[in-house]
Amino acid sequence: MVNFTFLSITYSVAACLVICWFQVRVLRGAANFPRQHVGGVSSSNPGMTTPLIEQHGVIGNMRSAALVSTDGTIDFYCYPGFDSPSVFAALLDPDKGGSFELAPRLESPDSLRAKQLYLPDTNILITRFLSNEGLAEITDLLPIMDEARQRPTEIIRNLKVIKGEITFRIRCAPRFDYARCGHSAEAVGDGVVFHPENEGIKPLRLRATIPLAIEGNDVVAEFKLSKGETANFTFGGIEEGDETPQDGIDDKAFDGFLRETSKYWRDWIGQSRYQGRWRETVNRSALILKLLSSQEYGALIAAPTFGLPERLGGARNWDYRLSWLRDSSFTLYALLRLGFKDEVRKFGGWMRERVTSGLKEIGENGPLKPMYRIHDSGDFKEEVLEHFSGYRDSRPVRIGNAAQTQLQLDVYGELMDAIYLGAKYGSSLSYDGWNRIKGLLGWLEKNWERPDQGIWEVRNGQQHFLHSRLMCWVAFDRAIRLADKRSLVAPMDAWRSTRDAIHEDIFQNFWNEDLKSFVQSKGSDILDASVLLMPLMRFINAGDPRWLSTMAAIEEHLEEGGVVYRYASGIDGLDGDEGSFTPCSFWLIECLARSGQVEKAELMFDKMLGYANHLGLYSEELGRNGDQLGNFPQALTHLALISAAFFLDRKLSGDKDATWQ
């Protein structure tokens, strides 16, 4: 148990800043007013600039999340939940998106440098400004309170000058409903209330310990702080009947938020059993996965953002604020490896509801969808925000996701693998739960041979994808294992017959003798990095000659300097190419380690760590120049990192277990 006083927290923050100094990338000229970034310039307004995706940290409270750039600006935030409309989205349009800017206004702006780091073992972010005029830091967090005192989601910002005297300026410019709804601003008490024109959208309030002014419908202020002085800000919802709140936002109040939120994150990560070589990196990835997990529902979103491109100027700009069964199931495996079991229970409860409702009304594409909204309030219809210019002019900017309606047969295998691991390391299945599983497999037994859109959610029609076949095999294999281990009543002969038929189908129809490799789809000659999951799912031994030649083909044609591409461009129904897919790189690392190429795997792993941003965060993809692309931070990348680090560390530590690699 950790009990901090305000002084001890202040001391801890200062100490960890010194300790972590060597780990933090210095970003020169990263902050001034107006915003100045190393990065793209808006073509619609050359005076406005857009920070790079990797020039951000993320804060969250398992209900929503916000991105904070290295210049101290919050330029992405959805309220009140992960998949709610954006309030700040300047990352997607610096003119229209809205932001909360808080930055020094210096006489010598060229002297400004910025650093970011997390308080160790938390998701509390510090942005530090260093200049000839002084040194200051912003501490950003979304507070986590106990259930009895849970408040509407709000962002807490504490600004403190460490030395010198510095002038600051803020501009809080919310843009409601993806910047589609206007608002008015009203001074109330120690803050300003933003009233949306749409009565169906709840108002938000900015409170501060410094005087605020209304400019148009935004809030601005310019103020000076000297050594030891602070300014505090809260931005968030208004509790009913709390238009003039009595609770303070002074340093004592901030101390309470910091203490309680810090304790939550540290207590949680303290349960991790991982003690390997890359402990700090693995813990950061685990903390990101926890941040992206819904505290209320137990589901995990793929990423907290929408519309960030997989290629600059390209069309692959999707909304990832949903819960993919695939990502959630893989995440449970990663967290179980680290010793976290409560997440399995919570996700199991959420998934039970999805399966139960799906089995009641089985549609053409089966009882399961590939993805759900975390609160499952229906489909999240895909639409384009035509008024947004896009990240560095990458259009279209999409919200919602049409892939919800696709047939993706692989999700049955990923779900069954998660259920099997949960039953193996957690609680046993109930009678009704086992009957639901039998219902799912009963449908799959009749449909596994169908073409589908597959793991990559292609938009040029259904095909017979290898990965879907593989995961159908996993579904029956794990069900058979579970029935054996728990002595459960099941149609074992039928399941074994189906499992063996899928196994034979893969070797007969998805092996290309000319390439000496397994291929993307039935009878094709297209390589696909998703085959890297074959040994990870224990379908094939990592030392099998067919697997070794497949891995060699992937390395020759899809790997480039340590990064791995999903497949050749132009085969998914969309124009143009994309960046390398970072999870695939970590899959290849684990495959190399499983096949005995441990030194090669370690070198590649160390290279991939170099592609993380200054906080150890990853998006979905990497561009040709090494910039991070796609939604950020992405759960699938971080869970693939954990899996690779866990297995590689075992091999480097002399694990001689050769029962199955």
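**Figure 1. Helix 13 and helix 14 meet in this predicted model.** The axes of helix 13 (residues 582-594) and helix 14 (residues 598-609) come within 7 Å, and they cross at roughly 160 degrees. Angles over 145 degrees count as roughly antiparallel, and helix 13 and helix 14 are therefore roughly antiparallel to each other. Their crossing is left-handed. On the helix 13 side, the contact is made by T582, S585, F586, L588, I589, L592 and A593; helix 14 brings V598, K600, A601, M604, F605 and M608. Sorted by class, the residues in this contact are 10 nonpolar, two polar and one charged.

**Figure 2. Helix 4 is mostly covered.** Here we move to residues 279-291, the 13 residues that form helix 4. From its first C-alpha to its last, helix 4 reaches 18 Å, close to the 18 Å expected at 1.5 Å a residue.

**Figure 3. S293 sits in the loop between helix 4 and strand 19.** Strand 19 covers residues 323-324. Is S293 buried or exposed? Buried means under 20% relative accessible area, and S293, at 10% relative accessibility, therefore counts as buried. Setting aside neighbours within four places in sequence, S293 is in contact with M62, F82, A299 and L300.

**Figure 4. L102 is a buried residue of strand 8.** Strand 8 runs over residues 99-104. L102 has 0% relative accessibility, and so it counts as buried. Its C-alpha atom is separated by 7.9 Å from that of D71, although L102 and D71 are 31 residues apart along the chain. Which residues does L102 contact, once neighbours within four places in sequence are left aside? They are D71, G72, T73, F129, I138, R157, L159, R169, I170, F223 and F233.

**Figure 5. The whole chain puts the close-ups in context.** Stepping back, the chain has 15 helices and 29 strands. It holds 661 residues, of which 61% count as buried. Take the contacts between residues at least 6 apart in sequence: 68% of them join residues at least 24 apart.

Technical notes
Residues are numbered from 1 along each chain as its sequence is written. This is a predicted model: local features need pLDDT of at least 70, side-chain atom pairs count only at pLDDT 80 or more; totals for chains, interfaces and linings use all residues. Side-chain values use heavy atoms; hydrogens and water are left out. Helices (H or I, at least four residues) and strands (E, at least two) are DSSP runs, numbered from the N terminus. The expected span of a helix is 1.5 Å times one less than its number of residues. Buried means under 20% relative accessible area, exposed over 50%, partly exposed in between (1.4 Å probe, protein chains only). Axes are lines fitted to C-alpha atoms, for helices over the stretch in contact, and angles run from 0 to 180 degrees between N-to-C directions. Angles under 35 degrees count as roughly parallel, over 145 as roughly antiparallel, 65 to 115 as roughly perpendicular and the rest as oblique. A crossing is left-handed if the near helix is turned anticlockwise from the far one by less than a right angle, and right-handed if clockwise. Contact means heavy atoms within 4.5 Å. Ala, Val, Leu, Ile, Met, Phe, Trp, Tyr, Cys and Pro count as nonpolar, Asp, Glu, Lys and Arg as charged, and the others, Gly among them, as polar.
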